[in-house]
Amino acid sequence: MQYTKISTDKYFDLSRFPKGEISKFWLHIINNGLGEPIRVPILVARGKKDGPILGLNAALHGNELNGINVIQRLFDRLNNSEDIHGTVIGILVANVPGVLLGQRRFNDDFDLNRQAPGSENGIASSLYINRLIERVIKNFDYFLDLHTTGYGKQNCWHIRADLKDKETKNLALLQNPEAVLHSTPDEQTLRGYASSLGIKSLTLELKDPSIFQPDVVNDAIVGIWNVMHYLKMVPTPISCTLEDTWLVERSSWLRSNAGGILTVFPEILTHVEEGEKIAEVRNIFGELNREFFAPNAGLVLAKNVNPIAQSGSAILNLAHQIEKIDCSIT
């Protein structure tokens, strides 16, 4: 395959993109307050033969950057592949204003991932997500939404998916993640609304915000290539880097009811026992204010690493129901 020239339009018509090539495309979605276009960068790799349409989406939250690098590097690999069946569509930056502002939300201060399906007559973020769905997302047969955790937190590499659906579970295990979390999608999220349309959808939680992390980027590329092989889009054999992973049926964030200087002790993917000390809060003079203990045994999926924590701040995300499962698909 080879890259073709860049084009720009308000409409995304898949039939316009040539087979056997990778196209660079700017989708004009809305205008800013000066009447200038806000455009979303998209890569489209169409195989010479028909097959499934796999969609990838990065930076729906403006500080979630690892997914951008995943899509860039995946398409570099596609550029060196001739035998592709179907189409891969990569939305490099979904939330363009958020990325440019260095913030999680859209520029009207609403969360794009709580606006689906949006409205042609809605506020800016609602209109924006509606047009992204109508013009691009609805083309997908399969959808991988690439995220990270939020500001001031650390995350393990995990998948959120509806594990009651056999094919979706297989797609999740093919990613070889550190954990797979059963998550029934909310239709206000992009994954949830896509699922309601019959698009098999996963959320890939690619560790931490605001940086590129080569380790999880590499893992995600291997996982996505596994998915493409599973969907018979590429001939390259599946690479299983893990023999098993943690299956998480339920998890919850524990929060501090005291404000001050927060220290969280457990590391990501470690087990804590019921009653184990997990955090403490001290006042600005360094005096101990409050200690926090695990309400039950579990696995740490994510933690707060921001020491400045007002009352109500997150401490850690603790998985309650966990088991080791075989990574092989069924």
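Predicted model: local features only at pLDDT ≥ 70, side-chain atom pairs only at ≥ 80, totals over all residues.

Author: Strand E18 covers residues 314–326, and four bridges join E16 to E18, the two strands running antiparallel. Leu 299 also has a partner in another strand, for it is the bridge partner of His 271. The strand on that side is E13, residues 271–272, which pairs with E16 in the antiparallel sense over two bridges.

Further along E16 we come to Ala 302, and opposite Ala 302 stands Asn 155. Here the pairing is with strand E7, residues 153–155, again in the antiparallel sense, and it extends over three bridges. As for E16 itself, which spans residues 298–304, the strand is mostly covered, since seven of its seven residues are buried, where buried means under 20% relative accessible area. In general, strands of a sheet pair through backbone hydrogen bonds, either parallel or antiparallel.

For another example of pairing, you may turn to an open sheet of four strands, in the order E15-E14-E12-E17, where the pairing is antiparallel. Its edge strands are E15 (288–293) and E17 (308–309), each of which pairs on one side only. Strand E12, residues 260–264, is joined to E17 by two bridges, and these two strands run antiparallel; within this pair, Gly 260 stands opposite Ala 309 of E17.

Conventions
Residues numbered from 1 in each chain as written. Heavy atoms only, no water. Pairing = 2+ DSSP bridges. Buried < 20%, exposed > 50% of the residue type's maximum accessible area, 1.4 Å probe, protein only.
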